[in-house]
Amino acid sequence: MLRVGMLTSGGDCQALNATMRGVYKAVTNNAKEPVEFYGFEDGYKGLMYGKFRLLNDDDFSNILTVGGTILGTSRVPFKQIHEPDANGLDKVAAMKETYHKLQLNCLVMLGGNGSTKTANLLSEEGLNVITLPKTIDNDTWGTDMTFGFQSAVDIATRCIDEIHTTANSHGRVFIVEIMGHKVGWLPLNAGIAGGADIILLPEIPYDINKVIEVIEERDKQGKRFTIIAMAEGAISKEDAALSKKEYKKKLMNFPFPSPSYELAELIKTKTGREVRVTVPGHVQRGGAPDPYDRVFASRVGAVAGMYVLKKKYGVMVGYKDREMVAVPLKEVAGKLKTVDPNANIIKEAKSLGISFGD
Ligand code: F6P
């Protein structure tokens, strides 16, 4: 009997179900022995508190196109993993106990950066773990692509597309705030795809005067509007020059819901222009996976399934130079894949006239 545990952890995304379906099908279609699949509910919490259910063919039928996760998810911060829970439970010991009690051969974890750190810890503790790179942020180290990213790019792009007509009608400056924590892949790609005039990324601190220069230059050219694709984690040069402590203090007394609103206020004051902020927020994680993600999820899922059968543990299924590769978890854990300000994609975007406010 082959016993496989599976869980989804951290922020959800469009292709989690499609990926789990890939894993399940690859294992059950190719295993030479009977298989039991255990789905843990709400991420690592399910493993900690022994909340699981046996999964069968019906669970994986008709879910290729369904967003979210049939297992539920949660965030269990890695920095609190060694702290006991409210009832004094040792989280790591509890997860190991559930794994051993169920006599699992391995655990398949679909998650992003924080979740991979926990997976690596469990692997170091002797559990057989395979992870799959999930996140709309595409910031997982060791893989060129994560599932969920392309679907989120589609949604954020559509949002910028649709802002164009209303921005033009009113002759306004629009800031579209795009997700991605402290990493700018999503705003960068959606910004280029949506034809944004200015893209502001966490990796390239912006100068407010440069942003205003671009808006005024567009005015002079008779362009009625300016669209700014701004990362939720974008930062001005002024703020980037603050010490960590000073910046934290600023954020504690921050009178705006997010940095986009602060930038809107500054542009309004300095140019007298009408400025609006649009925040698509979690819409970017919602709905069905796009065709790219369905293919990618099916492929990474199938490869993870084959790793289960080959007992290839302690790895993340990564995608490098158009091939699936096994990346050791200890190499992935704790690292982020950020946008290099000198990357060709930035140079190419600049050559098209897109400003990064630098
Ligand atoms: O990591 C995915 C992500 O959507 C980020 O882009 C965003 O910063 C964060 O999660 C939002 O987290 P939450 O769903 O906990 O509000």
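The structure is a predicted model, and every value given here was computed from it. Two packed helices are described by the angle between their axes and the distance between the axes. Helices α7 and α10 form such a pairing, with axes that come within 11 Å and cross at roughly 60 degrees. Beyond this packing, the count of salt bridges comes to 14, and some of them are described below.

**Helix α7 against helix α10**

- Helix α7 covers residues 208-220 and helix α10 covers residues 259-271, and these are the stretches to find in the 3D view.
- On the α7 side the contact is made by I208, N209, V211, I212, I215 and E216, which meet L263, L266, I267, K270 and T271 on the α10 side.
- Sorted by class, the residues in this contact of α7 with α10 are seven nonpolar, two polar and two charged.

**Salt bridges between separate parts of the chain**

- R3 and E36 meet through their side chains in a salt bridge, with a distance of 3.3 Å from N to O.
- Because R3 lies in strand β1 (residues 2-8) and E36 lies in strand β2 (residues 35-40), this pair ties together parts that are 33 residues apart in sequence.
- K96 and E125 form another salt bridge, in which the closest N and O atoms are 2.6 Å apart.
- K96 belongs to helix α3 (residues 91-101), while E125 sits in the loop between α4 (113-124) and β5 (129-133), so the pair ties together parts that are 29 residues apart in sequence.
- E125 counts as partly exposed at 35% relative accessibility, and K96 is also partly exposed, with a relative accessible area of 23%.

**A buried pair and a network**

- D197 and R218 meet in a salt bridge between their side chains, at 3.0 Å from N to O.
- This pair links distant parts of the chain, 21 residues apart, with D197 in the loop between α6 (185-193) and β7 (198-200) and R218 in helix α7.
- Both residues of the pair, D197 and R218, are buried.
- Three further residues, D239, K250 and E262, are linked in a network of salt bridges.

Key:
Residues are numbered from 1 along each chain as its sequence is written. This is a predicted model: local features need pLDDT of at least 70, side-chain atom pairs count only at pLDDT 80 or more; totals for chains, interfaces and linings use all residues. Side-chain values use heavy atoms; hydrogens and water are left out. Axes are lines fitted to C-alpha atoms, for helices over the stretch in contact, and angles run from 0 to 180 degrees between N-to-C directions. Helices (H or I, at least four residues) and strands (E, at least two) are DSSP runs, numbered from the N terminus. Contact means heavy atoms within 4.5 Å. Ala, Val, Leu, Ile, Met, Phe, Trp, Tyr, Cys and Pro count as nonpolar, Asp, Glu, Lys and Arg as charged, and the others, Gly among them, as polar. A salt bridge is a side-chain nitrogen of Lys or Arg within 4 Å of a carboxyl oxygen of Asp or Glu. Buried means under 20% relative accessible area, exposed over 50%, partly exposed in between (1.4 Å probe, protein chains only).
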